[in-house]
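I opened a new model today and kept notes as I went along. Here is what I looked up, in the order I looked.

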Amino acid sequence: METVSLGVPEPILDSLPADSEDTAKDMQQAAAGWERRINDAIEAADSDEEAVSYVVDAVERLESRLERFDEFVPELRAWGQSPIYAISWRNLYAELVAQLYDHEELGAALDRERNQRLVEDGIRFGNA
């Protein structure tokens, strides 16, 4: 399986306030860290199935973080705070997931693995 490349889209960086250079750097480092960990796992995997399984785990962690930041948005608004940073991080995690699905052979494999996990979980819950 080929390695992946992830990055922070310019519209997300452009949506940050003008004095947010540190946040932009943090986002770029976060994307680079995800890319490095995923590529290390892909290279260390004994099979494509093992690599896809790790990437699905990463996608699920990214989605969990996306949901957490999404939950901050109404709370920040309720307190009269700007939710721009929570929105930007949420959008970054959504973009990273989308970038993983956009990789040629990876997108379909991710769908298959996630569907397989759903079926396995359903069978386990049904037998409980």
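Predicted model: local features only at pLDDT ≥ 70, side-chain atom pairs only at ≥ 80, totals over all residues.

**Entry 1: one residue to begin with.** Is R117 buried or exposed? I looked up the relative accessible area of R117 and found 17%. Buried means under 20%, so R117 counts as buried. I then checked where R117 sits, and its place is in helix α5, which covers residues 106-127.

Next I wanted the neighbours of R117. Leaving out residues up to four places away in sequence, R117 touches S53, V56, D57 and E60. With one of these, S53, the side chain of R117 makes a polar contact of 2.9 Å.

**Entry 2: stepping back.** I went on to the whole protein. How many helices and strands does the protein have? I found five helices and zero strands, and reading along the sequence gives the pattern α-α-α-α-α. Along the principal axes, the C-alpha atoms fill a box of roughly 45 × 35 × 20 Å. Of the 128 residues, 37% are buried. I also looked at contacts with a separation of 6 or more: residues 24 or more positions apart account for 70% of them.

**Entry 3: α2 against α3.** Now for the helices in pairs. Helix α2 holds residues 21-44, and helix α3 holds residues 48-78. Their axes are 8 Å apart, and the packing angle is about 160°. Angles over 145 degrees count as roughly antiparallel, so α2 is roughly antiparallel to α3. The crossing of this pair is right-handed. From α2, the contact uses W34, R37, I38, A41 and I42, and from α3 it uses A51, Y54, V55, A58, R61, L62 and R65. I sorted these residues by class and got nine nonpolar, three charged and no polar.

**Entry 4: α3 against α4.** How do the axes of α3 and α4 cross? They come within 8 Å and cross at roughly 155°, so α3 and α4 are roughly antiparallel to each other. Here the crossing is left-handed. On the α3 side I noted several contact residues, including V55, L62, F69, V73 and L76, and on the α4 side W89, Y93, V97 and L100 are among them. By class, this contact has 17 nonpolar, five charged and no polar residues.

**Entry 5: α2 against α4.** Helix α4 runs over residues 84-102, and its axis lies 11 Å from that of α2, at an angle of about 25°. Angles under 35 degrees count as roughly parallel, so I wrote down α2 and α4 as roughly parallel to each other. α2 passes α4 in a right-handed crossing. The α2 residues T23, D26, M27, A30, A31, W34 and I38 meet Y85, S88, W89, L92, Y93, L96 and L100 of α4. That contact has eleven nonpolar, two polar and one charged residues.

Entry 6: Where does E105 lie? I found E105 in the loop between α4 and α5. Its relative accessibility is 40%, so E105 counts as partly exposed. Not counting residues up to four places away in sequence, E105 touches M1 and E2.

Methods:
Residues numbered from 1 in each chain as written. Heavy atoms only, no water. Axes fitted to C-alpha atoms, helices over the stretch in contact; angles between N-to-C directions. Helix = DSSP H or I, 4+ residues; strand = E, 2+ residues; numbered from the N terminus. Parallel < 35°, antiparallel > 145°, perpendicular 65-115°, else oblique. Left-handed = near helix turned anticlockwise from the far one by under 90°. Contact = heavy atoms within 4.5 Å. Nonpolar A, V, L, I, M, F, W, Y, C, P; charged D, E, K, R; others polar. Buried < 20%, exposed > 50% of the residue type's maximum accessible area, 1.4 Å probe, protein only. Polar contact = N/O pair within 3.5 Å; in protein donor to acceptor, adjacent residues only side chain to side chain.
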